[in-house]
Amino acid sequence: KYSQEVKRSKLILYKELEKLGIKYYKSDANFVLLKIGPQSAKFCQKLREKGILVRDRSSDILLNGCVRITLGTLTQTNELVKSLRQAVKEINPLLIFDIDGVLVDVSNSYRTAVKKTSGYFTKKEIDFEEIQNFKNKGGLNNDWDLTEAVIRDKGIIFNKRLIIKKFQSYYNKLRNNEKWILNKKLLKKLSDRYNLAILTGRPKNEAYYVLRKNKVAKYFKTIISMENVSKQKPNPEGLMKILNRFSNSKAYYFGDSIDDMKAAASANIIPIGVLPPQDKSTLLRNILIKNGAKFVITDINNIMEALKWELQKYQEKLKKQKSK
């Protein structure tokens, strides 16, 4: 009876490992060998902290990065699976995302609101290229500030509250034009393997509106918006608040602007540039790299390129340390 229960436990574990993208070797015994990789020791420690003992077999010939898990009852296995999910998310990097231009195409919402508002106050036609040029200078993460800067550049000064009021009147009519970018199946897979968070310059109600509209809010454990910080990007305050809520030793920030890259670098987070829908130019790619981006992807759906690149770098680093 116990032997049959162990066999059922093994099938449950296999299914969970496949879901988490962890390579394993099928077994006829009461244990399963997992290929965790460079984080195998940390993985074992994370499970130990949760009251579960597994064995790191990295010191054995041909088993570098492997962990052995011995199966027990169904009750024990269900407890193991819950802890396994948490441990995997804790040893993997924390993934933090900006919303605008990264997760959501705002070409026909925020950008259009900037264009219409600045045009309204200046009585001039403002084109999107001019707006992007302002954005590329940095220091204008907030679209209200961006709009004011465009207006002031024309030698015109208005009360900021009037600008914000007009901007919001346009944006509220345009917000349903926003398009979700990140493939939802990919997002689900990422949420199974990584802790996900958001840092955005949006007001809280606008951040949650787009996430709930697209039914994706459940995938992000923490969302830091405009009201949660005293200083906007490039100040790292928002990112530091997120880091304090997680135990991950490494984190990435995916953003599309100079301010995103600078904020990440200041918070000792790996900055990953994402080219927004409205600008896929080599110029922006080079600007992001110049301001700290360690890697640039053309679209957030190419996120695995960045994650694999960093893993490869980490493995190369370990090899160099061992050779010394």
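Predicted model: local features only at pLDDT ≥ 70, side-chain atom pairs only at ≥ 80, totals over all residues.

Trainee: How many aromatic pairs does the structure hold?
Mentor: The structure holds eight aromatic pairs, where rings of Phe, Tyr and Trp (its six-membered ring) pair if their centres lie within 6.5 Å, and planes under 30 degrees apart count as stacked, over 60 as edge-to-face and the rest as tilted. One of them joins Tyr 110 and Tyr 171, which are stacked at 4.2 Å centre to centre with 15 degrees between the planes. Tyr 110 lies in helix α4 (residues 110-122) and Tyr 171 in helix α7 (residues 160-174), so this pair ties together parts that are 61 residues apart in sequence. Helices here (H or I, at least four residues) and strands (E, at least two) are DSSP runs, numbered from the N terminus.

Trainee: Are Tyr 110 and Tyr 171 buried or exposed?
Mentor: Both are buried, meaning under 20% relative accessible area, while exposed is over 50% and partly exposed is in between (1.4 Å probe, protein chains only).

Trainee: And what about the rings of Tyr 252 and Phe 254?
Mentor: Their centres are 6.0 Å apart and their planes are at 20 degrees, so that pair is stacked. Tyr 252 is buried with a relative accessible area of 2%, and Phe 254 counts as buried at 0%. Ring pairs also link Phe 97, Phe 220, Tyr 252 and Phe 254 into a cluster.

Trainee: Switching topic, what is the strand order in the open sheet?
Mentor: The six strands run β9-β8-β5-β10-β11-β12 with parallel pairing, where two strands pair if DSSP finds at least two bridges between them. The edge strands, each pairing on one side only, are β9 (222-224) and β12 (295-297).

Trainee: Which residue stands opposite Leu 94?
Mentor: That is Ala 251 in β10, and strand β5 (residues 94-97) pairs with strand β10 (residues 251-255) in the parallel sense over four bridges.

Trainee: Last one, which charge lies over the face of Phe 31?
Mentor: Arg 68 does, at 5.0 Å from the ring centre, the criterion being NZ of Lys or CZ of Arg within 6 Å of the ring centre and within 35 degrees of the ring normal. Lys 123 likewise lies over the face of Tyr 120, at 4.9 Å from the ring centre.

Methods:
Residues numbered from 1 in each chain as written. Heavy atoms only, no water.
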